[in-house]
Amino acid sequence: MTTQRMDEVVALQLQLEGAGYVAEPALAAALLLMMDLGRPLLVEGDAGVGKTEIAKALATVRGARLIRLQCYEGLDVHAAMYEWNYQRQLLAIKLLEHDERPAAVKEQDIFSERYLLKRPLLEAISCAEPPVLLIDEVDRADEAFEAYLLELLSDFQMSIPELGTVLAVTRPLVVITSNGTRELSDALRRRCLYQYIDYPVFAKELAIVEIKAPQAAGQLARQVVEFVQSVRRMDLQKKPGIAETLDWTAALLRMGISVIDDDGAERILETLSALVKTREDRAGFTREVVARIAAAC
Amino acid sequence: MLIAAASPAADPGAILRARLTGFAGFLHANGYGTGGADSVRVLETSVQTGILDQQILRWSLKALLCGRGDEWRRFDGLFDAYFLPPNKKIFVDSNVGAAAGREPPGGMREGNESEHADGAGPGVAGDDADTDTARHGASREESLASMDFRELNQAEHARDIEALMRRFAMRLKHLHLRREARFHHGRRLDLQGTIRQSVASGGTPLRLAWKERRRVRPRLLLLLDVSRSMSSYSFFYLRLARALCAELADVHCFIFHTRITGVAEALRDPDPWRSQERLHLLAAGWAGGTRIGECLRDFNRDHAARLVHSRTGVIIVSDGYDTGEPELLARELAALRRRSRRMVWLNPLLNQPGFSPESRAMQAAMPHIDLLAPGANLAGIEHVLPQIIEVLR
């Protein structure tokens with residue numbers, strides 16, 4: 001039995017696939033719910049499983065603008081929300097010195113929107129068309145910033161002391177990603193829908209490779225994915241993500257390798273720098289190891 | 001389907017609503033961070049999505065009610081246990097099987113059970129005395145056999161421990177990191193503040209305001225050995241850890257014996273009795289043997305990437321009596337040491353007359369640790385705190 005909602009989920013899945021993103025139905029259902037309820041979506045998962053891509057694909061599907069805020073240690077209100085253009089303000093104060101207008105009017109002029117520099121968050125709530133707001137790696141910013149974020153995410157408004165409260169013109173679709181370097185506050189989690197993204201299973205990863213690298217013939221794509229999946233099962237410091245799979249596929253194609261077998265282990269070794277990213281992990285990939293994995297593909 | 005189980009005798013709509021709203025409470029009783037308002041959201045969501053399709057409802061509620069990775073992974077089992085009749089278990093695994101097995105078919109007993117004030121859903125509320133164990137998959141016998149955590153709440157010394165940890169936290173907060181010392185020249189102008197101050201002088205910025213430098217504190221990671229040989233110290237260190245967790249936000253605590261388990265969340269629980277209860281469940285295997293190397297390997301694999309960075313001070317508390325391979329221990333310690341800023345090893349036996357750190361594990365560990373310090377009691381800890389703080393700089 002299919003319901004109307006299930007049809008919508010499948011339709012969104014197809015649209016996302018058209019935008020180059022292979023989504024599981026659970027993710028599509030969460031995205032639909034996010035649009036219905038107007039709540040942000042918090043996405044967690046290991047690095048390289050395609051968290052950031054969700055926002056990009058969503059923007060493509062909706063035909064909306066993507067506004068991105070990359071978080072980092074020490075990110076503050078001025079870099080994320082708004083800042084007064086002090087240089088221009090100082091200049092204006094000097095110019096207005098001989099102006100005859102009353103001081104209150106002058107002051108209002110100096111603290112008007114003309115002197116306001118919009119940073120991503122203010123930008124996102126003042127768009128005429130609802131944009132997709134991507135707050136990337138929120139765990140890198142500190143707790144203080146998270147607190148600022150809460151006001152925005154619950155009411156979609158922002159208080160600027162000199163100007164008053166700015167209400168959102170339209171509600172942006174907010175996607176927040178986190179790598180879990182720091183535990184996020186419960187308050188933030190409570191306000192968000194949640195999605196945990198794991199490393200893709202074989203079928204999903206194969207679909208991704210086929211969409212993103214159509215040049216890789218059927219057998220090569222299948223072998224590449226099988227190889228990467230068994231690499232992920234090894235005890236590595238840094239497991240390869242989807243981006244690494246695609247890089248590696250590109251590297252193989254560039255080297256003219258069209259089949260993975262134990263005879264070609266030498267040449268596969270040369271391309272492994274696209275897949276294995278730390279020195280210690282690399283040391284584990286001797287010719288024998290590669291040949292063994294390749295033979296199993 | 002879901003509604004098929006509802007009793008035809010009463011108003012089916014009301015039963016359905018009660019069942020849906022009860023789900024958030026059921027998750028809360030299972031350690032989820034859901035609150036009262038979530039029941040309303042569950043209803044809103046189910047209106048949006050419809051409830052006829054089980055998968056859609058599952059995915060939507062999963063996105064709505066989960067808040068972190070472990071909740072995400074446990075959700076499917078709990079969803080099945082709550083909504084599906086016992087013979088229709090799809091994703092149920094053994095640890096919720098017990099709960100599902102006791103569930104009466106459908107929502108028939110909804111009315112009688114609303115009087116259970118603990119907020120557990122009808123799926124598990126059938127037997128109050130047994131609910132905790134049933135949910136977590138550990139039997140009551142096992143948790144009784146593990147360890148008596150009452151000592152954790154003993155009043156004796158509690159104030160001293162708290163005071164000491166508060167002092168430690170204060171010292172840590174005021175610690176002048178080397179990174180800050182190096183960048184002590186080059187202040188940044190705070191234009192907003194400058195303009196504010198210029199109001200007093202009629203718009204001319206006579207006095208300049210400067211930006212405060214952001215202070216970044218070191219993160220602390222505690223790895224506590226709770227094996228049998230450490231048993232006379234385990235509680236003492238656990239209480240220290242709890243006092244420290246209460247003072248500092250960025251403290252992460254793990255206990256290990258033959259396995260390693262994170263306990264920071266349980267220690268932070270504001271309700272001391274619930275904290276005790278949660279530790280019960282975490283501590284299966286308490287006071288058993290020690291395999292430090294394997295525990296560190298598990299830690300490095302599962303948690304290190306997330307928790308340990310270049311400002312992390314790692315404090316290991318262990319007597320160094322290890323039954324595992326010293327080579328493994330050395331390798332894993334080296335890996336952890338590379339990730340972290342400093343590594344301190346507290347050995348409670350160190351000050352005992354006639355003791356020298358000659359066990360194979362200690363020998364293997366020595367090259368990788370920055371400070372080996374004793375600390376068998378409060379006075380001992382107080383004595384070595386200055387050294388620890390010095391090393392953490």
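These entries follow what I looked up, chain by chain and then where the chains meet.

**Entry 1: a word on the source.** I noted before anything else that this is a predicted model.

**Entry 2: chain A as a whole.** I looked up the secondary structure of chain A and found 15 helices and 9 strands. Of the 297 residues in chain A, 33% are buried. I also checked how far apart in sequence the contacting residues lie. Among contacts in chain A with a separation of 6 or more, 77% are between residues 24 or more positions apart.

**Entry 3: a sheet in chain A.** Next I traced an open sheet of 5 strands in chain A, and wrote down its order as β2-β5-β8-β1-β9, with parallel pairing. The edge strands are β2 and β9 of chain A, each of which pairs on one side only. On average, neighbouring strands in this sheet are turned by 20° against each other, direction ignored.

I then looked at two of the pairings. Strand β2(A) runs parallel to strand β5 (residues 132–136) of chain A, and 5 bridges link the two. In that pairing, A:Ile67 has A:Leu133 of β5(A) as its bridge partner. Strand β1 (residues 41–45) of chain A is joined to strand β8 (residues 173–178) of chain A by 4 bridges, and these two also run parallel. Here A:Leu42 has A:Ile176 in β8(A) as its bridge partner.

Which side chains of β2(A) point to the buried face? I found that A:Ile67 and A:Leu69 point to one face and are buried.

**Entry 4: chain B as a whole.** Chain B has 393 residues, and 39% of them are buried. Among its contacts with a separation of 6 or more, 66% are between residues 24 or more positions apart.

**Entry 5: the sheet in chain B.** I followed an open sheet of 6 strands in chain B, ordered β3-β2-β1-β4-β5-β6, and its pairing is mixed. At the edges are β3 (260–262) and β6 (371–373) of chain B, each pairing on one side only. Neighbouring strands here are turned by 20° against each other on average, direction ignored. Strands β1 (residues 219–225) and β2 (residues 251–256) of chain B pair in the parallel sense over 6 bridges. I also saw helix α19 (residues 378–392) of chain B lying across β4, β5 (342–346) and β6 of chain B, at about 170° to β6(B).

**Entry 6: one cysteine.** I picked B:Cys253, which sits in strand β2 of chain B, and found it opposite B:Leu222. Why does B:Cys253 count as buried? It has 25 C-beta neighbours inside 10 Å, and the cut-off for a buried residue is 20 or more. Leaving out residues up to four places away in sequence, B:Cys253 touches B:Leu222, B:Leu224, B:Ala241, B:Cys245, B:Val263, B:Ala264 and B:Leu267. I also looked up B:Leu220: 33 residues separate it from B:Cys253 in sequence, while the C-alpha to C-alpha distance is 8.4 Å.

**Entry 7: a helix with two sides.** Helix α17 (residues 326–339) of chain B has 14 residues and reaches 20 Å from its first C-alpha to its last, close to the 20 Å expected. Its buried residues are B:Leu329, B:Glu332, B:Leu333, B:Ala335 and B:Leu336. Seen down the axis of α17(B), they fall within an arc of 160°, so they line one face of the helix. I reminded myself that an α-helix has 3.6 residues a turn, so residues three or four places apart point the same way. On the face of α17(B) turned away from the buried side I found the exposed residues B:Glu327 and B:Arg338. The cover over the buried residues of α17(B) includes α15 (292–302), α16 (304–307), β4 (312–317) and α18 (360–365) of chain B.

**Entry 8: where the chains meet.** Last, I looked up the contact between the chains, which takes 27 residues from chain A and 25 residues from chain B. On the chain A side, α1 (4–18), α2 (25–37), α5 (86–95), α9 (186–191) and β9 (193–197) each supply at least two residues. The largest share of that side, 6 residues, comes from α2(A). By type, the chain A side divides into 14 nonpolar, 6 polar and 7 charged residues.

Definitions and conventions:
Residues are numbered from 1 along each chain as its sequence is written. Chains are lettered from A and ligands numbered from 1 in the order in which they are written. This is a predicted model: local features need pLDDT of at least 70, side-chain atom pairs count only at pLDDT 80 or more; totals for chains, interfaces and linings use all residues. A residue is buried if 20 or more other C-beta atoms lie within 10 Å of its own, exposed if 12 or fewer, and partly exposed in between; C-beta atoms are placed from the backbone. Two residues are in contact if their C-beta atoms, placed from the backbone, lie within 7 Å. Ala, Val, Leu, Ile, Met, Phe, Trp, Tyr, Cys and Pro count as nonpolar, Asp, Glu, Lys and Arg as charged, and the others, Gly among them, as polar. The expected span of a helix is 1.5 Å times one less than its number of residues. The arc is that of the directions from the helix axis to the C-beta atoms. Two strands pair if DSSP finds at least two bridges between them. Axes are lines fitted to C-alpha atoms, for helices over the stretch in contact, and angles run from 0 to 180 degrees between N-to-C directions.
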